[in-house]
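Biologist: I am new to this structure. Please show it, and then I will ask about its parts.

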Amino acid sequence: MTDHNFDIVILGGGSGGYAAAIRASELGKSVALIEKDKVGGTCLHRGCIPTKALLHSAEVADTTRSAPSVGVKTTFEGIDMPAVTAYREGIVAKKFKGLEGLIKARGVTVVAGEGHLTAANSVTVGDDTYVGTDIILATGSYSRTLPGLEIGGRVITSDHALELAEVPARVIVLGGGVIGVEFASVWKSFGAEVTIVEALPHLVPNEDEAVSKTLERAFRRRGIKYTLGVRFQSVTQSADGVTVTLEDGSTHEADYLLVAVGRGPATDGLGFEAAGVALERGFVAVDERLHTSVPGVWAVGDITPGLQLAHRGFAQGIFVAEEIAGLSPIVVPDLGIPKVTYCDPEVASVGLTEAQAIDAHGADQVESYNYNLAGNGKSEIIGTAGMIKVVREKDGPVIGVHMVGARVGELIGEAQLVVGWDAHPEDIAPFIHAHPTQNEALGEAFLALAGKPLHAL
Ligand SMILES: Cc1cc2nc3c(=O)[nH]c(=O)nc-3n(C[C@H](O)[C@H](O)[C@H](O)COP(=O)(O)OP(=O)(O)OC[C@H]3O[C@@H](n4cnc5c(N)ncnc54)[C@H](O)[C@@H]3O)c2cc1C
């Protein structure tokens, strides 16, 4: 047994863990970052980056198909899956190399291996023990399934879906949340027949209902099928396909069933509870400053209850590093975190939905405005439909922005600043939005709520 002493020992080198490591070492701390697989974690290797590469290939396929409609002669010949894979892997490999270089340049000690929390101040990897004045838990999440629904063969998770060597002819996606609709979008663009099964009444059920309904219409137009409000019952599989039965008795056949019903916290069997770290339904319980129930032990990222997003992990990692260094950083509540779903059309939102705003403030204290992208020149040019909905407190600040349409993810920055700074639509109205941009649509919604609509009624 060898002991190694550091100021901070971090268990897990994904978005949350590596951000904490980089910020802590910038602040002069000695840091050990323990990673059993590859630094970068889910986001870089199995999540954000590879899926967005696939979505880009999908977008190019659709652009190629529609090119003649804008006067560009092309012929869509099909998807070359080995080339798509090479492109996706190339992007991930470049980002991985860059990240490894960055972590090394910051002087972080990366320890390869599986770590276990063996005491409130130590993590053991094989025969070595890493002792830290502070410990940060950042072990991330895994694809969940439903009771009795076993993953294997043609019943796959997003990890397997990313690696598929072929475009399936037919696929069923169980779960109409972020991961489900992104894969549905990719596969449809690649030429598959896609059916989404969602137990709740809407796709992307955590979004404002107006956004969900707009996305549903867009998916219907794209030929993506979905069933809403009916639960999955069972699946059988053969050598070349699956048959899925829903609780209404209907059956659906496909080549694969993608199970995209959410992600659970990776906290099992790592010694957390034995060391006194309290869990809440498997997640690590933390206070708003991300302290666990054990002094000197912190937790960041997907293992903490709340939104499971890479940029939340980054922000939490930075927060904890600064908190340990005594900088008393400002708490960022989940409500201020922007969310983007990168299907076609994209969905982007920040703050309260209209229903949540009414719950919080009362119906007579909430105003909202839906700006239809049909009124926006740039959206017309790029051929997208959708809308931007702004929710404000009556005579008060903007408390929610909800968007759906091609490329609206790129508009979330302004929306986030407006919500984060409690700006009133009247404060934003004088800021001129460039014409013709999609950003203008956001400006139009603020103008309308400030009582002076321009390209709207
Ligand atoms: C298909 C998919 C698409 C996604 N797309 C997006 C997106 O577009 N935008 C977005 O913001 N988020 C996206 N996410 C979510 C994002 O990937 C996660 O929120 C983010 O990775 C969480 O970071 P984390 O550090 O908490 O955990 P992770 O990234 O999961 O990292 C945890 C790390 O800990 C390591 N580890 C675990 N246990 C141990 C142990 N005992 N010892 C050593 N190492 C250990 C793991 O190997 C892993 O590297 C997506 C996720 C998926 C699955």
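Predicted model: local features only at pLDDT ≥ 70, side-chain atom pairs only at ≥ 80, totals over all residues.

Biologist: At roughly what angle do the axes of helix α1 and helix α8 cross?

Modeller: Helices (H or I, at least four residues) and strands (E, at least two) are DSSP runs numbered from the N terminus. Axes are lines fitted to C-alpha atoms, for helices over the stretch in contact, and angles run from 0 to 180 degrees between N-to-C directions. For α1 (residues 15-26) and α8 (residues 310-324), the axes come within 7 Å, and the crossing angle is roughly 35°.

Biologist: Is the crossing of α1 and α8 left-handed or right-handed?

Modeller: A crossing is left-handed if the near helix is turned anticlockwise from the far one by less than a right angle, and right-handed if clockwise. By that rule, the way α1 passes α8 is right-handed.
The contact includes G16 and A20 of α1 and G313 and G317 of α8, where contact means C-beta atoms, placed from the backbone, within 7 Å.

Biologist: Which handedness does the crossing of α3 and α6 have?

Modeller: The axes of α3 and helix α6 (residues 178-190) come within 8 Å and cross at roughly 35°. Among the residues in contact are L54 and A58 of α3 and V186 and F190 of α6. The crossing of α3 past α6 is left-handed.

Biologist: Which element gives the most residues to the shell around the ligand?

Modeller: The ligand is surrounded by 36 residues, the closest being G12, G14, G41, G140 and G301; a residue is near if its C-beta atom, placed from the backbone, lies within 6 Å. At least two shell residues come from each of α1, β2 (31-35), α2 (41-46), α3 (48-66) and α8. With 4 residues, the element giving the most is α2.

Biologist: How many residues of that shell are nonpolar, polar and charged?

Modeller: Ala, Val, Leu, Ile, Met, Phe, Trp, Tyr, Cys and Pro count as nonpolar, Asp, Glu, Lys and Arg as charged, and the others, Gly among them, as polar. The shell around the ligand divides into 11 nonpolar, 19 polar and 6 charged residues.

Biologist: Why does R392 count as buried?

Modeller: R392 is found in strand β23 (residues 387-393). A residue is buried if 20 or more other C-beta atoms lie within 10 Å of its own, exposed if 12 or fewer, and partly exposed in between. R392 counts as buried because its C-beta neighbours inside 10 Å number 26.

Biologist: How many C-beta neighbours does F76 have inside 10 Å?

Modeller: F76 is found in the loop between α3 and α4 (81-105). Leaving out residues up to four places away in sequence, F76 touches A61, T64 and R65. F76 counts as partly exposed because its C-beta neighbours inside 10 Å number 15.

Methods: Residues numbered from 1 in each chain as written. Contact = placed C-beta atoms within 7 Å.
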